[in-house]
Structures are given as C-alpha cells and as structure tokens.
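Me: I am new to this structure and would like to know what stands behind the words used for it. Please show it to me, and then I will ask.

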Amino acid sequence: MKHIETEGLIIKSWCKDLDEASKKQALNLAKLPFAFRHIALMADAHSGYGMPIGGILACKDVVIPNAVGVDIGCGMRAVKTNLKEIDAKTLLKITHKIKKSIPVGFEHRKTPVEILPLNKWKEKTKTPMKIVSEQYKAATFQAGTLGGGNHFIEIQKGSDGHIWFMIHSGSRNLGKQVAEYYNLQAKKLNMPNFPHVPKEADLAFIPITEKLFKEYLAEMNFCVEFALLNRKTMANIVKGIFTEEIPGCSFYDDIDIAHNYCKKEEHFKKEVWVHRKGATSAYNGQTGIIPGSQGTKSYIVKGLGNEESFMSCSHGAGRKMSRKQAIRELDFHKEKNKLDSQGIIHSITGRGQLDEAAGAYKNIEDVMQAQRDLVSIETELTPLAVVKG
C-alpha cells in the first residue's frame, strides 16, 4: 500500500498500476469537505462514473449515489458441492442446461418470481419508494436473470478437491433506475445549495438532513436485497440442474457477498457512511469471494480486518482496458486459444466478446499479492466452464 499526498485527504492505494483517470477521480474525492480520514483504492481500481471502481469512501452525514454505482448490490455467490470430479460430457450438459434455464443479457423471465413485498418495505422504511414502485412489476420478471457485461456463472474445481459454482450478478435494471434517478436529484439539490463541489467531478451528494437521503437509502437497500434474491434464485436453479444430472449431488452452505452499496459503520471510533464501489467488506474472519477474469482463478478468502482499507478488499481483478479498446486491440485467436488450451467451456466466440477476455483485465494473481494485508486465501478455484450474457 502506498500513500498519495493531495491538497485534501491522503489517498491510500493498494493498486500498483493506477491509471490517470482513476487518480484524477480519487483526487476529487480527497477534496470533498465531508470525506472522512482518507480515500482507499483497492488493487483492482479503475475509473468509473465520478468515483473509481475499486474505491472506498467514508463520509460524514452524506451519501453519494455515484459512489455506490449503477448496479446497486451487485455481488458474488459461491456454492461448494460434495463432488470431487465432473466428467467432460456431464459438464457440457450442465452448462447447456444453465444457458437454457437462466436468461442472460437483456432477456427477462417469461414468468414472474416472487420478490420482496413492496408494501411491507414501504411500511418498514416509512418512505414512498418512487422508483422501486414504478419498476416493481418488471423486477419480478428480472429476478433469476444473469444480465450481461462482466456477469457470469462459472463451474470450478477447488484447491480443496471439490467442484464449486459461482455467480456474479446484481440488481439488473432496477438498480440502474434507482441510481440514475437519485444522482439526478442530487445534482438538482447541489447546484443552488452546495457550489463547493465541482459539477465536473460527477459526485453529487445528498445530506442526511434532506428527505431525499432517507428515500435513497430505502430504495438502495431494496436493490441490495433484490440483488441477493436474484443470485439466490439462480443458485437454486443451478443446484437443481446439478442434481438432475448427478443424483446424490449435495451442497454446502452458500457464500454471498455484495459490492456497490453504502452502509453506516464505525471506523476509527466514528460512525460514518461507507461507500464501497466495486469493493467488498473484509472484516476480520469474514468469508469473501474475489473472482478472476474469464479463464483465470477465483478465490475464497478470509478478511483480515485492516482498518486502513476501512476493512475492505477488491471485488475482482479489475479492468485494464475499456470494452471498446479490448475489442479493438486484443488478438481474438490468442485469447480463444488460451481458454481452449485449458479445456474450459467459454464464451469467446468472436471479436465482439473480447471485452470480457482475460486480456482486458489485470492479472488476478498480482491483485491478490497486492492485498495480502487485507485478506488471506482459503481456496483457489480454477474454471471449468463459463456462462456469460
């Protein structure tokens, strides 16, 4: 970890190859008058909207929608099976069934899934839930769907000798709509009332004194719970497919951890609003999941409770190329052959999929080495098959 001195707060960075755009965004965060203690950048940090993905920002009495991110509650779910081996034919069958059973990309379910009762949530939070109310019916058809981009379902072989599967997905369009609405409302609020935060930084914020603060938190937390339900629904579908193909297959307790949220926590003896954007909590002894890129290892980890990172760690490998750059510059045959040579069932079938090739991401082993003071590795997971949107 290195310190970056600024005109404002210190930036503490575990990222060894921090790009200029991310550094500029971190410098903007460091100047915020309500930012607390320091800014933390994880080993997978890269630029996002307003704030780097792979960043942690603790605030005094404000919330920043762009410091949470668009895919609110996005996260990982990992499931360990009792299987020690899986043959190639069965692996292919299971992969095909997953593709047929779980909608990907922009596809929705044909039948709705029962999700969190909206009236009970409104009653609990005492807020009107404007965006969730508008999107509620559509969300019932999105629960149990993977989405696109860097979301995936992967079957893996663990260093513990067991077969695992892992899911990366979030709150789908629901989270996006909530994020965009409250960022816009925060901008309207900031323009006349808070001129000290530059508009170009794209860090519009909502003070705790505003009614909008409570409304954002209620809708954000609904999205976090919806994203968890989404992953759980898909995990149950995948479990059903495994047991159909392999009678006697059973499962250990699921592991689930989210990134992209804001939560009130105590750090350095002060209660603050911790924004984890593309970062996961890593409290001492907490079990976490850090995925690699397509065709590379993923990790089950234990948090070490490092205060300097606000008890956080990376949420993955982190991009080193934009999507357009990867499609333009990566060698299709090289990336495909990398996966084929390992015998992985994968999703790189043409240049259009190169945005999710391993070459578009940082080296996950370097990322894990850089954060060895944040987490310890419990299990290494090697990919066998990947389903992507």
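The questions and answers that follow go through helices, sheets and single residues.

Me: What should I know before reading any values?

Reply: This is a predicted model, in which local features need pLDDT of at least 70 and side-chain atom pairs count only at pLDDT 80 or more, while totals for chains, interfaces and linings use all residues. Residues are numbered from 1 along each chain as its sequence is written, and side-chain values use heavy atoms, with hydrogens and water left out.

Me: Why is threonine 233 called buried?

Reply: Buried means under 20% relative accessible area, exposed means over 50%, and partly exposed lies in between, with a 1.4 Å probe and protein chains only. Threonine 233 has a relative accessible area of 15%, and is therefore buried. Its place is in helix α6, and threonine 233 touches Val113 and Gly144, not counting residues up to four places away in sequence, where contact means heavy atoms within 4.5 Å.

Me: What makes the approach of threonine 233 to leucine 229 a polar contact?

Reply: A polar contact is a pair of N or O atoms within 3.5 Å; within protein, one must be able to donate a hydrogen and the other to accept it, and residues adjacent in sequence count only if both atoms are side-chain atoms. The backbone oxygen of leucine 229 lies 2.8 Å from a polar atom of the side chain of threonine 233. At the start of α2, a side-chain oxygen of aspartate 87 likewise comes to within 3.1 Å of the backbone nitrogen of lysine 89.

Me: How do you know what span to expect for helix α2?

Reply: Helices are DSSP runs of H or I with at least four residues, and strands are runs of E with at least two, numbered from the N terminus. The expected span is 1.5 Å times one less than the number of residues. Helix α2, residues 88-101, has 14 residues and reaches 20 Å from its first C-alpha to its last, close to the 20 Å expected.

Me: What makes one face of α2 a lined face?

Reply: In α2, Thr90, Leu91, Ile94, Thr95 and Ile98 are buried. Seen down the axis of α2, these buried residues fall within an arc of 135 degrees, so they line one face of the helix; the arc is that of the directions from the helix axis to the C-beta atoms. What covers them includes β7 (152-158), α6 (211-245) and β17 (375-388), whereas Ala88, Lys89 and Lys100, on the other side of α2, are exposed.

Me: Why are β10 and β14 called edge strands?

Reply: Two strands pair if DSSP finds at least two bridges between them. The open sheet of seven strands has the order β10-β6-β8-β7-β17-β15-β14, with antiparallel pairing. β10 (255-258) and β14 (287-290) each have a single partner strand, so one side of each is left without a neighbour in the sheet.

Me: How do you know that β15 and β17 pair?

Reply: Strand β15, residues 298-303, is joined to β17 in the antiparallel sense over six bridges. Lysine 302, for example, has serine 376 in β17 as its bridge partner.

Me: What makes the pairing of the six-stranded sheet mixed?

Reply: This open sheet has the order β1-β2-β3-β4-β12-β11, with mixed pairing. Strands β1 (residues 2-4) and β2 (residues 10-13) pair in the antiparallel sense over three bridges, whereas four bridges join β2 to β3 (residues 38-46), which run parallel.
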